[in-house]
Amino acid sequence: MSATLNVFESRGLGRALETAGAWVLGFLWVLPLLYAFWTAFHPAEFSARFALSAPLTLENFVSAWHAAPFARYFLNTVLMVTMVLAAQLVLTTLAAYAFARFEFPGRNVLFALVLVQLMVMPDVLIVENYRTMTVIGLKDTILGIGLPYMASAFGIFLLRQTFKGVPRELDEAARVEGCTPLQVLWKVYVPLARPTYLAYALVSVSYHWNNFLWPLIITNSVEARPVTVGLQVFSATDQGIDWSIITAGTLLTTAPLLIAFLLFQRQFVQSFMRAGIR
Amino acid sequence: MLDRCIRGGLAALFAAAIGWVPTLAWGQTKNATEVSFYYPVAVGGPITKIVDGLAADFEKENPGIKLKPIYSGSYQDSITKALTAAKSGEPPVTSILLSTDMYTLIDEDAIQPYDDLIKTPEDKAWLKSFYPAFMENSQTGGKTWGIPFQRSTIVLYYNKEMFKEAGLDPNRPPATWKEMTEYAQKLTKRDASGKVTQWGVQIPSSGFPYWLFQGLAIENGATLMNAAGTQTFYDKPEVVGALQYWVDLVNKYKVHPEGIVDWGATPKDFFEKKVAMVWTTTGNLTSMRNNAKFDFGVAMLPSGKQRGSPTGGGNFYLFKKSTPAQREAAFKFIKWVTQPSRAAQWGIDTGYVAVRADAWETPAMKQYVAGFPPALVARDQLPYAKAELSTHDNQRVTKALNDGLQAALTGTKTPEQAMKDAQAQSERILRTYRR
Amino acid sequence: MYGWLLLLPAMALLALFTHYPAIANLWHSFLATPKGERPAGFVGLENYEQLVEDPIFWQALSNNLWYAVGTIPVSIAIALLMAVWVNDRIPGRGLLRLAYFTPTVLPMIAVANIWLFFYTPEYGLLEQFTGAFGMPSHNWLGSKSTALPALMIVTIWKEAGFFMIFYLAALQSMSPHLADAAAMEGASRWYFFRRVTFPLLMPTTLFVLVNAVINAFRLVDHVVVMTRGGPDNATELLLYYIYEIGFRFWDSAYAAALTMVLLAILGLCALAQFFFLERRVHYQ
């Protein structure tokens, strides 16, 4: 981060205006979250009225918690996200290593095929993937939600770039010491790619925690439903909308990710930036 | 740190993969017959708790049966989930789904009729005890495919205090279309700049506008479909006339909000005193009672050429691929939950119309009605109630109507054009079912 | 040999869930939907004929294209602006960065409910705001002309912060000497931005653009919650239509044909990206 004032930064009135603009935008950006907090902590009469003297209550959270098995939903989501991330780390590391350091016939063609998935994500192939899952028999399971995503083209792409940036000398030095290629991978490449792994892990976790359409289609029962589908089922009411309970439910489901983000936001942002996209 | 992460990750992967298997097995209890069923929640109130309570009570009286209620969201979500499960070879044993989904479920070969199970004289009497209006969407081809459980009609809720303010008699709700228009004109308030602060009447048009529209259509003397579910009549003059009246409320009389009115927000609009009269399901009655902080009344829908309302709500369906034991168990549960006392209690707890006449004679119901007369309105409307729109490929055919209604209400098409296009779409879809 | 083995698990899964479905989808789009007892049969181009005659499909396609045009440039521009602001050491920038990035970590399905309230007529937040200024009431989600723009705003709100981070990374990796040198030559701030900063940000912009395009076709959660495709198909997006056809009407063959269109669009984008990427690679 630059320590000196950028020579082009505005001063005086210009700076004041820019600051004001930035702050207004920031306020607008958190407004929905602020509203959610307001409504969730106040009784239903105040969901549209913003009287400052309104009493605070935890009732909404209690009702929301009892209205749907959120504990189970959380468990499912955590299991799913962990499973997917673990598999992704393993698979993408192996694949990226192969692309970065090995010569084999058809390498470019295969890499192009991998890149296809960057554009054509499993999300758009819901109809066919659903059929495949039926045949395999993984419908309505947590593994079924995660399986299409485990080979991540984005991960392979990122890691391949990172691996390519590792100096060959380190690789050769390890070989000279008698390491097998896998040992070289483990001892040399993986530690050096740590920032990339972190960045990728954060992207993956937040993507899969928030994923909705595919889990909606593939899961049917409470035992497999992740938190996003649970929230939608809970708030998809033909009944009247009760904003207080819905926002309470919303906060419940987003709390873990939000808290993690607030605590680790420095790492979040830094790792994105460090991994960078060249 | 990272290799610990990787190791931990792999461990989690294995754990999850292994954990998945017992989770699947956990669902099967060895000794009891398990009856799973999907149920939607379409009205306000702690329905999930009530259903769980019912399940617990039933299991106490029938120790050999284990009930597994699965909450599946809205009616739309529920039919999707039930069919998904059926197509994957693991259907629920029974489910509460829209009465109008009957043809779709039959076409998808997902359900079986009840007639084989109804053998004893008591069972036959039980079947006869349901209101005929509700049976219209439950039987076809001489067989019974659904048992009414949570059924409703549309009713008119009105704010008595606003009536008084406008100089109207709070105990005389509008009885005809003309009266509704007049009342609404008196009840619509505007502020100094001409912006409306209080609407006269509001009929929701999001999600499933066809249901609300059917009220207007029946009142104008129209039928939307034939009994076999193979033909619709969207472009008949009476249907167009009903739509024209709705559009006029918005554009000509200006007593109804513009654009699409959200179904979910309508009760809240009523509580927030943004509107004086609303059309919505009687199933919201208990929720209205709990949340409206003012004196309100409930009335039958006004008559155009006649009184009328579509029925609504869900039936119990019996799915194929269940074992005979499960089928018997499910049937037992369905009979148990539709006993007069239980049907009455369900009606009291939710606001749905108790589905059989003798339920209204039970002491609990009599007491409830004495303390809260509006509960009778939906029942008294039943003689005027007609079957809800239901055809083959129901979702698609109703979507055609929904789109047309929304087009007319947002002003992009005239009612005539909108209904003509809707009928054309529907014809395309239903043609194949008439061969 | 060794390389192949390393690659095998990843490739296998990719093939199973990306490549195979794409091809199988093409095959299934030439069959008819099985219904109950009647099995699927070859019907050639019938599904595509149905597609061409279907006004809702054309509406969905047009909606999606407008949606892409409406959200992509705006969210990228706002992201760039945010990055510049946060990079420029505006007071409170740590908090600002947090504020801008927060929408990204929240699930769309959750925030859509909140936005639903914002857009509610009569007493929704937007209504209260415009009412305070004496502006007339408007049914944002319930009117055909404003429903899609309303959804676009939700998307822009959600995506801009995510893109900001990438721009921030790129800006911070820029050498400050460039700015000093340009200032010494008498360049204005805007000139510097236009001639130096923006071109140097091209790789980032390209990356962000690709992401934005994919998301414009992939993210339909807010449609599910807020409008369900209404009013009268004004917010019907392509993937949402596929979902409706495939999983509410159970017309799997028609859904396959629709998916082919979506794949074709994404394929075109991939090709375009590939060509630009080629040029970028030479650049370095």
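In chain A, 52% of the 278 residues count as buried. Keep in mind as you read that this is a predicted model.

What is chain A built from? It has 13 helices and zero strands, so its radius of gyration deserves a look next: at 24 Å, this is well over the 19 Å that the globule rule gives for 278 residues, so chain A is more spread out than a compact globule. If you draw a box along the principal axes, the C-alpha atoms of chain A fill roughly 75 × 65 × 30 Å.

Now look at which parts of chain A meet each other. Among contacts between residues at least 6 apart in sequence, 76% join residues at least 24 apart.

## Where chain A meets chain C

How many residues does each chain bring to the contact? Chain A gives 75 residues and chain C gives 80 residues. On the chain A side, the elements that supply two or more residues include helix H1 (12-41), helix H3 (70-101) and helix H13 (243-275). H13(A) provides the largest share of that side, with 13 residues.

Sorted by class, the side of chain A that touches chain C holds 50 nonpolar, 20 polar and five charged residues.

## Two nonpolar cores

The largest nonpolar core has 171 residues. Among those with the most contacts inside it are Ala95(A), Ala79(C), Met164(C) and Tyr167(C). Helix H7 (residues 144-172) of chain C gives the largest share of this core, 18 residues. Why can we place the core between two domains of chain A? Domain 1 (12-62) and domain 2 (64-275) of chain A both give residues to this core, so it lies between them.

Zoom in on Ala79(C). Leaving aside neighbours within four places in sequence, Ala79(C) is in contact with Ala160(C), Phe163(C), Met164(C), Tyr167(C) and Val208(C). Apart from this core lies another, of 123 residues, among them Tyr114(B), Tyr158(B), Ala330(B) and Val377(B).

## The two domains of chain B

Chain B is divided into domain 1 (31-152 + 312-386) and domain 2 (154-311 + 388-434). Their C-alpha centres lie 27 Å apart. Where the domains touch, 32 residues of domain 1 are in contact with 30 residues of domain 2.

Which elements of chain B supply the domain 1 side? Those giving at least two residues each include strand S7 (146-159), strand S12 (309-319) and helix H14 (340-350) of chain B. By class, the residues on this side of domain 1 divide into 14 nonpolar, twelve polar and six charged.

Conventions:
Residues are numbered from 1 along each chain as its sequence is written. Chains are lettered from A and ligands numbered from 1 in the order in which they are written. This is a predicted model: local features need pLDDT of at least 70, side-chain atom pairs count only at pLDDT 80 or more; totals for chains, interfaces and linings use all residues. Helices (H or I, at least four residues) and strands (E, at least two) are DSSP runs, numbered from the N terminus. The radius of gyration is taken over C-alpha atoms; the globule rule is 2.2 Å times the number of residues to the power 0.38. A residue is buried if 20 or more other C-beta atoms lie within 10 Å of its own, exposed if 12 or fewer, and partly exposed in between; C-beta atoms are placed from the backbone. Two residues are in contact if their C-beta atoms, placed from the backbone, lie within 7 Å. Ala, Val, Leu, Ile, Met, Phe, Trp, Tyr, Cys and Pro count as nonpolar, Asp, Glu, Lys and Arg as charged, and the others, Gly among them, as polar. A nonpolar core is a set of buried Ala, Val, Leu, Ile, Met, Phe, Trp, Tyr and Cys residues joined through C-beta atoms within 7 Å. Domain bounds come from an automatic or database domain assignment.
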